Amino acid sequence: SITAFMSSLDANVGNFSEENQGKAHGLLLSGFGGSAALFATVYRSHFAGDPTALPSFFRGAGNVTAVVCLAGAVLLKDARHGDKSKARQVVHEEDEEEEGPELVGSRERSDGIEMSTMSKDGGMSRAQMESFANLHATTHGTHDGEDETTWQYLRGVAGKPLYWVIFVIVACTIGTALLFVNVAGSFTFVLTGSKNGLSNMVIAFSLGNVFGRLGAGWASDVVELSCGAPRSVFLSFGGALFSVSMVALAGSERTSSSSRMFSAIGVGLAEGTVMSTWTAIVRRSFGAERFGLNLAVYNFAMAIGSGILNGLAAAATETEDEQKEINNLRLVFWVAAVCNALAAVIGIVATRILREENARMGYQMTIV
């Protein structure tokens, strides 16, 4: 499922202009939480309490997934993927037009290619802006003019601090989201002795996830394009919200569900905020042409974070004493809260790196 989820993101975002990347990422990623809320509601309304109906539920969910994936494969067959050669061709063609604006502003990329970004009248056509954005977000070539191999590319980005800063943030934050998904239900059941309210927590988490991705995607575009601040500020916000939400879950009481519902909504919002932010940053900073490869690398970060935190949770539940199990899980939640507080601080480092890079490049785009 994660393969279809991430591959659809890679195939879609190239069809959207640069000033809409945050909204595109947020909208596409919101399907994750939206589908969970939809299927959870359908299950609770028509299948809950009847074990014999489960095969029909899973069969229906599988059929819907298959149809959507096949439709996506057909509709996205002509999607753009940050094609460097096509972007250069468009730029060269527009430069040759006598009536086109003369480009006078410039920036020099790290591979020595100088890119003009501003016209004399301070504006730029939408096609030019997208072409330059594609050039900015493509794989760098080697010194002899040939395209980099995958290994050369990975060695290059591995030397950039931002690559590992985002890696750690993704491991801490999304690992915590997966911890919540896997453990919050069993923790609630052990704590209260009842499964009542679990479906409400799922729906609250899913809806928080949807609105977090949509809201952060839209807001990150506004912050980056209108305010001039890197969208990485939302990584810090997401990490801080994760931390507060896990503290609320760790301190939840048996007789009150309010803190658990707050935690479900908070984790959903935080996960949505971080997901719609880091994917857009990675595509912009490390290349549209290699976006799929980078998604695989950062999925590995998710696996590391989830493996560590869920491994701790599994060890915490290896006891026959329910009270001890509850206390152990509370401790795991506190560990997750500390990790996310650290992720919030590291997000500040990411913002500083991106600010310095933007200042060094002198990169500015005016959207008309």
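**Exercise 1.** In this predicted model, how do the axes of H7 and H11 cross, and what is the handedness of the crossing?

*Solution.* Step 1: the two axes come within 7 Å, and the crossing angle is roughly 50°. Step 2: angles of 65 to 115 degrees count as roughly perpendicular and those under 35 degrees as roughly parallel; H7 is therefore oblique to H11. Step 3: the crossing in which H7 passes H11 is right-handed.

**Exercise 2.** Find the largest nonpolar core and state which element gives the most to it.

*Solution.* Step 1: the largest nonpolar core has 59 residues. Ile166, Leu179, Trp278, Phe286, Tyr298 and Phe333 have the most contacts inside it. Step 2: the elements that give two or more residues to this core include helix H1 (2-13), helix H7 (161-192) and helix H11 (291-316). Step 3: H7 gives the most, with 17 residues. Step 4: take Phe333 and leave out residues up to four places away in sequence; Phe333 then touches Leu179, Val183, Phe187, Met246, Leu249 and Ala250. Step 5: another core, of 5 residues, lies apart from the largest one, and Ala216 and Phe234 are among its residues.

**Exercise 3.** How many disulfides does the whole structure hold, and is cysteine 227 buried or exposed?

*Solution.* Step 1: a disulfide is a covalent bond between the sulfur atoms of two cysteines. Step 2: a search of the whole structure finds 0 disulfides. For cysteine 172, the nearest cysteine sulfur belongs to cysteine 339 and is 5.0 Å away; the cut-off is 2.5 Å. Step 3: cysteine 227 has a relative accessibility of 58%, so cysteine 227 counts as exposed. Cysteine 172, at 13%, is buried.

Note on methods. Residues numbered from 1 in each chain as written. Predicted model: local features only at pLDDT ≥ 70, side-chain atom pairs only at ≥ 80, totals over all residues. Heavy atoms only, no water. Buried < 20%, exposed > 50% of the residue type's maximum accessible area, 1.4 Å probe, protein only. Core = buried A, V, L, I, M, F, W, Y, C linked by side-chain atoms within 4.5 Å. Helix = DSSP H or I, 4+ residues; strand = E, 2+ residues; numbered from the N terminus. Contact = heavy atoms within 4.5 Å. Axes fitted to C-alpha atoms, helices over the stretch in contact; angles between N-to-C directions. Parallel < 35°, antiparallel > 145°, perpendicular 65-115°, else oblique. Left-handed = near helix turned anticlockwise from the far one by under 90°.
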